[in-house]
Amino acid sequence: MLRAALAVVLGLASEAQAQVTLLDAPSRFGPASTLFDFEDAVAPVALQYEVRGLTLRLGNRAGAGTLNDTLARPFGPARPRVLRNDIAPALGGKWTALELRFAQPMTRVGFEVRSLAVSDDLQVSLFSSCGGALLEAPRGIAAPGSGWMFVGLESATPFQLVLVEGVGPSTHAFHLDNLRLEATVLDRDGDGIDDGLDSCPCTADPLQSDSDGDGVGDACDSCARFPNADQSDRDGDGVGDPCDANDVLVEDFELGLSADWMVLGEARSFTSSSAVPAFSGKRATLIATDFLDANLELDVAQPNMGATALAPAAVASFLGVPLASITAIAPSPLVEGSALRRTFDVRAGDRLSFRWRFLTSEGIQDALSDDFALISLGSAGVRLLADTFSPRMMAQSGPFFQAATPWETFEYSVQNSGTLTLGLAVLDVRDAHLTSGLLIDSLTISSPTSNVPPTCSLDTSEASARFVQSTPGEFIVTEGETIHATFVGEDPDGDQLTVEVEGLPQGAVLSPTAGMQPLVATFSWTPGADDDLGSARHVVVSFRDTDGAASSCELVIAEVNRRPNVQIHAPVLVDCAGPDGARVELACTASDPDDPSGLAIHWDVLDPRIALDDADAAVTGGHFPLGTSRVIASVSDGRGGTSSSSVEVTVQADNSAPRLACSVDTARLWPPRHQLVPVRITVVLSDDCAIAEDTLSVRVRSSEPDDALGLGDGCTRGDVAGRDGFSAPVDVTSAFELDPRTGAFSALVPVRAERSLFGRGRVYTVEVRAADRAGNAALASATIQVPARPPCSAHGAGGPWGDADGADDEHDEDDEHGHGHGHGGAHHTQPKPKSK
């Protein structure tokens with residue numbers, strides 16, 4: 001029965017029952033639904049509609065027959081082409097059914113149906129799009145003997161297969177038309193990811209993890225460790241081929257038939273072609289009722305001219321089974337056949353499986369010539385494997401066949417340990433001139449109950465790059481530093497793993513502790529100084545599978561190394577010794593709570609201008625420029641422990657004033673003839689740090705006005721370098737130049753040789769100031785005198801005053817005129833002071 005067969009293939013019990021409701025009219029379908037009205041139906045129907053996402057299979061035929069409908073009906077255009085199923089019950093009691101398979105999951109289906117028999121009833125079954133389970137018990141439909149009726153179903157669970165079957169004892173014949181399909185935006189597994197983007201549309205997997213990158217999410221991947229995009233599983237045990245380590249025997253026929261196989265008649269390995277493809281790889285094995293040539297066509301050469309002429313009794317004898325067990329399968333006259341057998345060593349609980357495909361050039365469902373293939377399994381007896389009535393037989397075109405099943409899986413659980421003889425045979429019923437055959441490929445014997453323990457591997461590459469190893473694989477971890485190590489558990493059986501750990505230090509983390517293999521558990525620990533126990537730690541991580549088997553890896557932490565200490569002894573403030581800085585002496589002391597004997601010191605100075613005498617000595621030094629420089633002292637203990645300390649050393653520009661001296665080459669001007677006399681002023685400046693950056697100021701001050709009242713100082717002005725030095729000191733700094741030979745600054749500064757007659761003499765004072773960039777200043781001065789009286793003039797020829805202007809009368813221009821050029825202008829009987 002077709003539905004019964006589908007139930008086995010699709011696993012009806014694998015999914016919970018889903019709510020299915022009836023729709024009362026086509027109007028319940030939305031505008032986005034798809035309508036197949038079959039007005040354009042032409043043969044072959046299957047090819048025509050597959051491109052639109054619909055596959056039709058009527059009874060055992062690929063596609064469906066069509067004819068014109070001449071009866072009036074309320075739906076669709078008049079006289080459409082319609083699907084027809086009119087197979088009579090005389091055909092071996094096979095179920096009559098129409099299979100509708102969709103390219104994508106649907107939530108609604110509807111169609112119009114008309115029975116061609118008065119007592120013909122129907123039932124409709126929906127099969128889930130996830131796992132192919134029957135969603136609920138088939139819906140029965142009492143089809144009227146005439147006229148059309150609408151059948152519509154809506155399911156809360158998406159489906160991808162609809163089976164419409166004729167039921168009851170009568171002839172089953174019905175028409176089906178106006179097929180409506182409707183899908184919605186789906187998230188079948190409810191993980192928040194639409195099916196079109198979901199790597200596991202039928203298994204909740206919100207993280208969408210895909211460890212092997214094959215496009216199939218880990219949650220539904222039969223082999224998540226290795227790429228397996230087509231989810232190949234040759235032995236059908238649920239473990240993808242790349243991960244299946246339970247297979248103790250795989251016969252893929254890629255090297256032909258081995259000597260372990262016994263052959264009767266036509267049985268051989270051959271290279272697959274587009275018409276007869278292998279299930280896996282390039283080769284499969286074919287058992288046929290007739291001898292075939294290299295092109296898989298009938299071999300008409302002598303003596304057999306294609307026929308094997310092997311009677312059923314010979315086949316039974318070859319397989320070691322009673323002839324009655326074969327004739328019970330097909331009561332019609334058996335003409336000839338071929339067979340293949342092999343004996344295996346097995347254990348109770350082993351699972352034998354292989355892929356098979358039945359092919360024939362007989363008419364489909366021809367009860368008189370129903371060729372078949374059988375299998376024998378030792379004491380388990382003989383059973384039918386396939387015949388021309390096989391539910392999934394489809395029309396094909398090939399070198400020697402006209403119909404074939406798709407690849408199917410056969411599996412058998414071994415009951416007793418010992419040996420098991422597998423026999424396969426194909427027999428021809430009635431007509432020997434037509435050929436039938438059986439393809440087999442990917443034969444596997446596996447031991448599902450034989451658990452393969454998990455494996456454990458340890459990755460310490462990160463730890464090796466960061467920490468010292470006392471011996472290979474044993475790490476010295478410094479306090480405050482984090483060690484990471486990765487434990488990887490893998491299970492050839494694909495079991496879920498749990499993690500067990502011994503010796504985990506306090507504060508350490510190992511995560512995760514359970515999950516599907518491969519399971520990556522990361523160890524992380526940051527020890528403190530108190531974790532130095534003086535002995536090694538052994539961290540043992542075990543991965544255990546669901547059968548209790550486990551394997552372990554060990555991480556050894558030899559010791560916790562405490563850090564050394566370093567203290568710098570260096571001045572933080574140093575006076576400069578010259579313009580380019582000063583020498584600075586550095587020193588540090590280092591200690592280690594573990595072992596001070598192996599300490600190494602190193603100095604770093606961030607200023608590239610500073611070169612230390614010995615950067616690896618505890619006491620060192622170097623020349624530091626003016627300003628602030630950071631000095632770092634580091635100490636290492638040779639076992640991964642390091643410490644550092646830093647200090648800022650400042651070489652200050654100055655903390656004392658410059659040294660300053662001032663002198664003049666003429667300290668007394670005489671005679672006072674009112675002339676500007678150049679006097680050389682010399683300034684000597686010295687500074688320990690930065691003379692070039694010092695500031696120098698030279699000013700000359702006069703003790704008398706340029707043109708005072710009264711007589712004696714003439715009538716001149718600009719007595720100090722052409723300016724008035726009495727009202728304010730005259731700045732003459734710009735006149736000074738540096739003599740590179742002596743290092744002194746000097747300048748010729750003109751001052752006037754004159755004084756007031758009534759004063760005590762004129763004094764020119766040279767005021768010098770120098771300041772460094774730190775603001776320290778120094779002052780110096782020198783004087784130039786113009787005396788009021790010439791030396792020893794009090795008792796000279798001029799009486800008590802002598803010559804009034806201090807010059808001989810015969811040479812004194814002012815006295816000759818008898819008056820000055822000042823402000824008085826009165827005549828006196830003796831010389832009076834004159835103004836300038």
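## Surroundings of Leu 422

Once its neighbours within four places in sequence are set aside, Leu 422 is in contact with Trp 261, Leu 340, Arg 341, Arg 342, Phe 344, Phe 354, Ile 375, Ser 376, Leu 377 and Leu 443. These contacts, like every value in this report, are computed from a predicted model.

## Nonpolar cores

Leu 422 also belongs to the largest nonpolar core, which has 29 residues, and together with Phe 354, Trp 356 and Phe 410 it is among those that touch the most other members. At least two residues of this core come from each of the strands β16 (334–346), β17 (351–360), β18 (372–377), β19 (382–387), β22 (408–413), β23 (418–429) and β24 (436–446). Another core, of 27 residues, lies apart from it and includes Cys 662, Val 679, Val 698 and Ala 780.

## A six-stranded open sheet

Six strands form an open sheet with mixed pairing, in the order β26-β27-β34-β33-β29-β31. Its edge strands, β26 (468–471) and β31 (514–516), each pair on one side only, and the twist from one strand to the next averages 30°.

## The protein overall

The secondary structure comprises six helices and 51 strands, and 46% of the 836 residues are buried. Of the contacts between residues at least 6 apart in sequence, 68% join residues at least 24 apart. The protein exposes about 38000 Å², of which carbon and sulfur atoms supply 52%.

How values were computed
Residues are numbered from 1 along each chain as its sequence is written. This is a predicted model: local features need pLDDT of at least 70, side-chain atom pairs count only at pLDDT 80 or more; totals for chains, interfaces and linings use all residues. Side-chain values use heavy atoms; hydrogens and water are left out. Helices (H or I, at least four residues) and strands (E, at least two) are DSSP runs, numbered from the N terminus. Buried means under 20% relative accessible area, exposed over 50%, partly exposed in between (1.4 Å probe, protein chains only). Contact means heavy atoms within 4.5 Å. Accessible areas come from the Shrake-Rupley method with a 1.4 Å probe; for residues, only the protein chains shown count as cover. Two strands pair if DSSP finds at least two bridges between them. Axes are lines fitted to C-alpha atoms, for helices over the stretch in contact, and angles run from 0 to 180 degrees between N-to-C directions. A nonpolar core is a set of buried Ala, Val, Leu, Ile, Met, Phe, Trp, Tyr and Cys residues joined through side-chain atoms within 4.5 Å.
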